[in-house]
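Have the model open while you read.

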Amino acid sequence: MANKFIDTELLDRAIIFAVKAHHNTERRGKGFPYIVHPMEAVEIVATITPDQELLAAAALHDTIEDTDVTIEDIRCEFGDRIAHLVYAESDQFTEGISEKDSWHDRKQAAIDRLAAASHDAKIVAIGDKLSNMRAIWRDYMIKGDELWKIFHVTDKASHEWHYRGLAASLAELNDTFAYKEFVELINKVFK
């Protein structure tokens, strides 16, 4: 039986845009192309909604944070809703302060931003956060607590605080398989 037609033009454009933006970059410490992470985020979001704008935002979620793409680039190419969703999912950096020194404040701001975010923004966020937590769990199973050395902040307790805060901020999604898996992995890593 043939697959049913679904209009994926917007998602296709977002994926191509994200592939170009993340071209030739590695996912930190993983040895594989960065684009694998946004694609996993898309797959996770697709378990919750078929909304093409949310799927597109999941594909684009790291473009303004980790590439030269600006929020205006996203707005011009994909519109206000997707730009808003991508912005809501992006860390806000302060010029002149290192990633390590700004880590706690950025993560607290992200937790607070997600707690106040729309349901749609939370759906995009769970795609990213669950993908991250899956990677942490896999690495933890191989490296144990040595895995924290690949991060700017190497203190495991700080990461636990961050991920438990994210889980609290995203609790509105507690009826989804993605959220349940997210919490389960947090509890496994930070037992």
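1. Where is the place of His22? His22 sits in the loop between H1 and H2; helices here are DSSP runs (H or I, at least four residues; strands would be E, at least two), numbered from the N terminus. Before going further, note that this is a predicted model, where local features need pLDDT of at least 70 and side-chain atom pairs count only at pLDDT 80 or more, while totals for chains, interfaces and linings use all residues. Residues are numbered from 1 along each chain as its sequence is written, and side-chain values use heavy atoms, with hydrogens and water left out.

2. Is His22 buried or exposed? His22 counts as buried because its relative accessibility is 4%, and the cut-offs are under 20% relative accessible area for buried, over 50% for exposed and partly exposed in between (1.4 Å probe, protein chains only). Not counting residues up to four places away in sequence, His22 touches Tyr34, Ile35, Pro38, Asp62, Thr63, Asp66 and Thr67; a contact is heavy atoms within 4.5 Å.

3. Asn24 is found in the loop between helix H1 (9-21) and helix H2 (36-46) as well. At 71% relative accessibility, though, Asn24 counts as exposed. Have a look at its backbone too: phi of Asn24 is near 65 degrees, a positive value in a residue other than glycine.

4. Now helix H3 (residues 52-60), which is mostly covered, with eight of its nine residues buried. Those buried residues are Gln52, Leu54, Leu55, Ala56, Ala57, Ala58, Ala59 and Leu60. What does the covering include? Among the elements over the buried residues of H3 are H1, H2, H4, helix H5 (71-78), helix H6 (80-88) and H8.

5. In soluble globular proteins, nonpolar side chains tend to be buried together. Here the core has 53 residues, and Leu60, Ile74, Phe78, Ile82, Met133, Tyr163 and Phe182 touch the most other members. H8 gives the most to this core, with nine residues. Leaving aside neighbours within four places in sequence, Phe78 is in contact with Leu10, Arg13, Ala14, Phe17 and Leu60.

6. Gly127 is found in helix H8 and counts as buried because its relative accessibility is 0%. Beyond four places in sequence, Gly127 touches Ala41, Ile44 and Val45. The C-alpha atoms of Gly127 and Pro38 are separated by 8.4 Å, with the two residues 89 apart along the chain.

7. Ile136 lies in helix H8 as well, and with a relative accessible area of 5% Ile136 is buried. Its contacts, again not counting residues up to four places away in sequence, are Leu147, Trp148, Phe151, Tyr163 and Val189. Ala135 is another H8 residue, buried with a relative accessible area of 8%.

8. How many aromatic pairs does a search of the whole structure find? There are six, where rings of Phe, Tyr and Trp (its six-membered ring) pair if their centres lie within 6.5 Å, with planes under 30 degrees apart counted as stacked, over 60 as edge-to-face and the rest as tilted. Ring pairs link Trp148, Phe151 and Phe190 into a cluster.

9. Last, the largest pocket, at about 740 Å³. On a 1 Å grid over the protein atoms alone, a pocket is an open set of points where a 1.4 Å probe fits, with protein on both sides within 12 Å along at least five of seven lines, and lining residues have an atom within 4 Å of a point. Points are joined across faces, edges and corners, and the volume is the space filled by probe spheres set on them. Of the 33 lining residues, Arg27, Arg28, Glu65, Lys107 and Asn132 are the closest to the centre of the pocket.

10. Which element gives the most to the lining of the largest pocket? H7 does, with seven residues. Helix H4 (63-66), helix H7 (99-116), helix H8 (119-143) and helix H9 (156-169) are the elements that give two or more residues. By class, the lining has 13 nonpolar, five polar and 15 charged residues, with Ala, Val, Leu, Ile, Met, Phe, Trp, Tyr, Cys and Pro as nonpolar, Asp, Glu, Lys and Arg as charged, and the others, Gly among them, as polar.

Note on methods. A nonpolar core is a set of buried Ala, Val, Leu, Ile, Met, Phe, Trp, Tyr and Cys residues joined through side-chain atoms within 4.5 Å.
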